[in-house]
Amino acid sequence: MDHLLTEQQLDIKSAIREFAEKEIAPSVVERDEKSQFPAEIVRKLGELGFMGVNTPEQYGGAGLDCVSYAIVIEELSRIDPSVGVICSVNNSLICYPLQKFGSDFQHKKYLRPLAEGKLLGAFCLTEPGAGSDASALTTTAIKDGGEYVLTGEKAFITNGLMSDTYIIMARTDKTSKTKGISAFIVDADSKGFRRGVNEKKMGIRSSDCCMIILEECRVPAENLLGNEGDGFKVAMTALDSGRIGIAAQAIGLSQGALEAAVKYSKQREQFGQQIAEFQAIQFKLADMQVMTEAARLLNYSAARKKDAGQRFTVEASMAKLLASDIVMKVAMEAVQIHGGNGFLKDFPVERMLRDAKVTEIYEGTSEIQRTIIARQLLTE
Ligand code: CAA
């Protein structure tokens, strides 16, 4: 289908597709089984410029547009959404807010190596008691001379075990809910910084996820990202971009599940013919294709709005909401088309269905996306 992509975007698409098929596909089953982080793949993605796709070249990124970024995450996730989310977090939740809110010092010390893939980043907003209600966070940051002292716990941190650099939201003022939050750049080797164990997850098992524990963790004042009180805005800005990434993850996975279903329906014979010849299967495949394309177009539209320098909060929420909804339907139908084989680990659709669910949860649940969309509708 023609998505009105430029020559450059088409080149990126074929380059990343080739990379994913050659470098990622061979280990996807084993890494899922062993919950193994794809360290070597992430290193190669960094060398190719894919850990800072949408970051300007002056900061060490590839300097590509947001549509290209969506294409990269889609193509990675078509093969392995674990790799997709690792890359998306670094691009959207780390490089993007650092670019927008960072000082010259922070651009040089952190953004450049992160965008070049020499460091990996993680984003720490969620806490055990503050998930959807992100501004209820209770981690504190108390100024002490030239440092801030951070104390608290962060939960469900993607890239948490493997990262070098963490953007951590903490409360500098208890009198204001959202305006009392500040963002900090924290090095993994900071005193008082500790990681929990790798969480045992339903899906995207090759990406890691853990608690981050801050026990009077000392952070230099120069690592405050933006101004004191900007932390909630930093987090929401990062999540706007992140939601395009997670939508792309869902769309790529949906594409992968659709392709697996098409392939299987042409191989499997019942009642003396390929099951693809039954209209019941054809209708399922057609619906899966339409849903995937609709989500893709909505996400490109959000990305194009970002590329045009316009606010894209609602568009990103709509794209994530639709994409995560359709990937659940598409992955479920892909399993159904595979029949008994779809229930076995011998076929990729079993993993795909497990991998799909999280897209309805992280970077804002589907209910939160609906809240964002409805709030805008009702204030217009
Ligand atoms: N961009 C810039 N500013 C924003 C913004 C945005 N997208 N969204 C809100 N703000 C600003 C508002 O303008 C407002 O500023 P003023 O006070 O100056 O007007 C301020 O932030 C507060 O906004 P709200 O009143 O809307 O805040 P709220 O407490 O009602 O929360 C919410 C809104 C949308 C529900 C938000 O809490 C939210 O997004 N929750 C979901 C959290 C989430 O997505 N967590 C994901 C964790 S990260 C993750 O999952 C990563 C991973 O592992 C892969």
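The structure is a predicted model, in which local features need pLDDT of at least 70 and side-chain atom pairs count only at pLDDT 80 or more, while totals for chains, interfaces and linings use all residues. Residues are numbered from 1 along each chain as its sequence is written, and side-chain values use heavy atoms, with hydrogens and water left out.

**Overall form**

- The protein is divided into domain 1 (2-115), domain 2 (121-232) and domain 3 (233-379), with bounds that come from an automatic or database domain assignment.
- Its secondary structure comes to 11 helices and 10 strands, where helices (H or I, at least four residues) and strands (E, at least two) are DSSP runs numbered from the N terminus.
- Along its principal axes, the C-alpha trace spans about 80 × 45 × 35 Å.

**Domain 2 against domain 3**

- The C-alpha centres of domain 2 and domain 3 lie 30 Å apart, and 14 residues of domain 2 are in contact with 14 residues of domain 3, contact meaning heavy atoms within 4.5 Å.
- The area buried between domain 2 and domain 3 is about 1100 Å², of which carbon and sulfur atoms give 71%; buried area is the accessible area (1.4 Å probe) that two parts lose on being put together, summed over both.
- Of the area that domain 2 buries against domain 3, M202, I204 and F232 supply 46%, more than any other three residues.
- Across the interface of domain 2 and domain 3 the rule finds zero salt bridges.

**Salt bridges**

- For the protein the count comes to 29 salt bridges, each being a side-chain nitrogen of Lys or Arg within 4 Å of a carboxyl oxygen of Asp or Glu.
- E30 forms a salt bridge with K34, the closest N and O atoms being 2.6 Å apart.
- Because E30 and K34 are four residues apart in helix α2 (residues 28-34), they are separated by about one helical turn.
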